[in-house]
Amino acid sequence: NKFEYQHKCSGDSTVFPLSGRYTGSFYVTADANNKTKVAEKDVILKFSKNSEGYHNVEGKGSNYYGKYTITGTLDKEGVITIFRNFQAP
């Protein structure tokens, strides 16, 4: 299912990628006719360049299913791959 993160910057910025607070959502499909939008809350992403020339991604956030940490990478083509690791309740 499709998901989206968006960062709103106050002013012009040419920095990419931009670490900071993000908003987002994704859809959960129950069946062909029913999709439920799940809002992501308190998402913070931090990008740091690694030795391969890509960026490592670290962060945290929460949604309906709980709080989670984020790890992943952003490659040279701008493709981000992230994993959300949910914390035990």
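β1 gives the largest share of the lining of the largest pocket, three residues. This is a predicted model, where local features need pLDDT of at least 70, side-chain atom pairs count only at pLDDT 80 or more, and totals for chains, interfaces and linings use all residues. Residues are numbered from 1 along each chain as its sequence is written, and side-chain values use heavy atoms, leaving out hydrogens and water.

Let's stay with that pocket. A pocket here is an open set of points on a 1 Å grid over the protein atoms alone, with protein on both sides within 12 Å along at least five of seven lines, and lining residues have an atom within 4 Å of a point. The space in the largest one comes to about 230 Å³, the volume being what probe spheres set on the points fill. Its lining has 13 residues, with Y5, Y22, L45, F47 and I80 nearest the centre. β1 (3-6) and β3 (34-49) are the elements that each give two or more residues to it; strands are DSSP runs of E, at least two residues long. By class, the lining has 11 nonpolar, one polar and one charged residues.

Now for the outside. Y64, Y65 and F86 make a nonpolar surface patch with about 400 Å² of accessible area together. Patch residues have over 30% relative accessible area and no salt bridge, and nonpolar side chains (Val, Leu, Ile, Met, Phe, Trp, Tyr) are joined within 5 Å; a salt bridge puts a side-chain nitrogen of Lys or Arg within 4 Å of a carboxyl oxygen of Asp or Glu. Areas come from the Shrake-Rupley method with a 1.4 Å probe. Y65 sits in the loop between β4 (55-63) and β5 (66-74), and counts as partly exposed because its relative accessibility is 48%, between the cut-offs for buried (under 20%) and exposed (over 50%).

Technical notes:
Patches are made of residues with over 30% relative accessible area and no salt bridge: like charges are joined within 9 Å, nonpolar side chains (Val, Leu, Ile, Met, Phe, Trp, Tyr) within 5 Å. Helices (H or I, at least four residues) and strands (E, at least two) are DSSP runs, numbered from the N terminus. Buried means under 20% relative accessible area, exposed over 50%, partly exposed in between (1.4 Å probe, protein chains only). On a 1 Å grid over the protein atoms alone, a cavity is a set of points where a 1.4 Å probe fits but cannot get out, and a pocket is an open set with protein on both sides within 12 Å along at least five of seven lines; lining residues have an atom within 4 Å of a point. Ala, Val, Leu, Ile, Met, Phe, Trp, Tyr, Cys and Pro count as nonpolar, Asp, Glu, Lys and Arg as charged, and the others, Gly among them, as polar.
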